[in-house]
Amino acid sequence: MIRIRRIYEPPVAAEGPRLLVDRVWPRGLSRADAALAGWYRELAPSTPLRQWFGQDPVRFEAFRQRYQEELRAQGPLVDDLLSQARAGDVVLVYAASDTQHNNAVVLRDFLQGLL
């Protein structure tokens, strides 16, 4: 199972390894407090796409399509994340305050479509 959580939520050990999927390190959080098993910054949206989106829910569907195009070009990294998901539960963590319109939602849906 692939779950998503805000990185500011406390880790739950039973959920599986926490994998950060943002390009930029979250503000105000130490690496120790993040309790990460990995950081997939290369799978995060490109800087131009992230800046264009600007967490605007109105742009989310267009963002989803553009981000999925970027993900299709990241074959080996996507395959690595898929392997981890097939081996057990994983938690994709992100920093955005909007829990429904963010890159982790798109990435989770994209990965689940490939499983």
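Reader: How are α4 and α5 oriented to each other?
Author: This is a predicted model. In it, the axes of helix α4 (residues 75-87) and α5 cross at roughly 75°. Angles of 65 to 115 degrees count as roughly perpendicular. Therefore α4 and α5 are roughly perpendicular to each other.

Reader: Which residues of α4 and α5 make the contact?
Author: The two axes come within 10 Å. By class, the contact of α4 with α5 has seven nonpolar residues, no polar and one charged. From α5 come Leu107, Phe110, Leu111 and Leu114. From α4 come Val78, Leu81, Leu82 and Arg86.

Reader: Which hand does the crossing of α3 and α5 have?
Author: The angle between these helices is about 55°. As α3 passes α5, the crossing is right-handed.

Reader: How many charged residues are in the contact of α3 with α5?
Author: On the α3 side are Phe60, Phe63, Arg64, Tyr67, Gln68, Leu71 and Arg72. They meet Asn103, Val105, Val106, Leu107, Asp109 and Phe110 in α5. By class, eight residues of this contact are nonpolar and two are polar, while the charged ones number three.

Reader: Which residues are closest to the centre of the largest pocket?
Author: The largest pocket holds about 390 Å³ of space. It is lined by 18 residues. That lining divides into 10 nonpolar, four polar and four charged residues. Closest to the centre of the pocket are Asp22, Arg50, Gln55, Ala95 and Ala96.

Definitions and conventions. Residues are numbered from 1 along each chain as its sequence is written. This is a predicted model: local features need pLDDT of at least 70, side-chain atom pairs count only at pLDDT 80 or more; totals for chains, interfaces and linings use all residues. Side-chain values use heavy atoms; hydrogens and water are left out. Axes are lines fitted to C-alpha atoms, for helices over the stretch in contact, and angles run from 0 to 180 degrees between N-to-C directions. Helices (H or I, at least four residues) and strands (E, at least two) are DSSP runs, numbered from the N terminus. A crossing is left-handed if the near helix is turned anticlockwise from the far one by less than a right angle, and right-handed if clockwise. Contact means heavy atoms within 4.5 Å. Ala, Val, Leu, Ile, Met, Phe, Trp, Tyr, Cys and Pro count as nonpolar, Asp, Glu, Lys and Arg as charged, and the others, Gly among them, as polar. On a 1 Å grid over the protein atoms alone, a cavity is a set of points where a 1.4 Å probe fits but cannot get out, and a pocket is an open set with protein on both sides within 12 Å along at least five of seven lines; lining residues have an atom within 4 Å of a point. Grid points are joined across faces, edges and corners, and a volume is the space filled by probe spheres set on the points. Angles under 35 degrees count as roughly parallel, over 145 as roughly antiparallel, 65 to 115 as roughly perpendicular and the rest as oblique.
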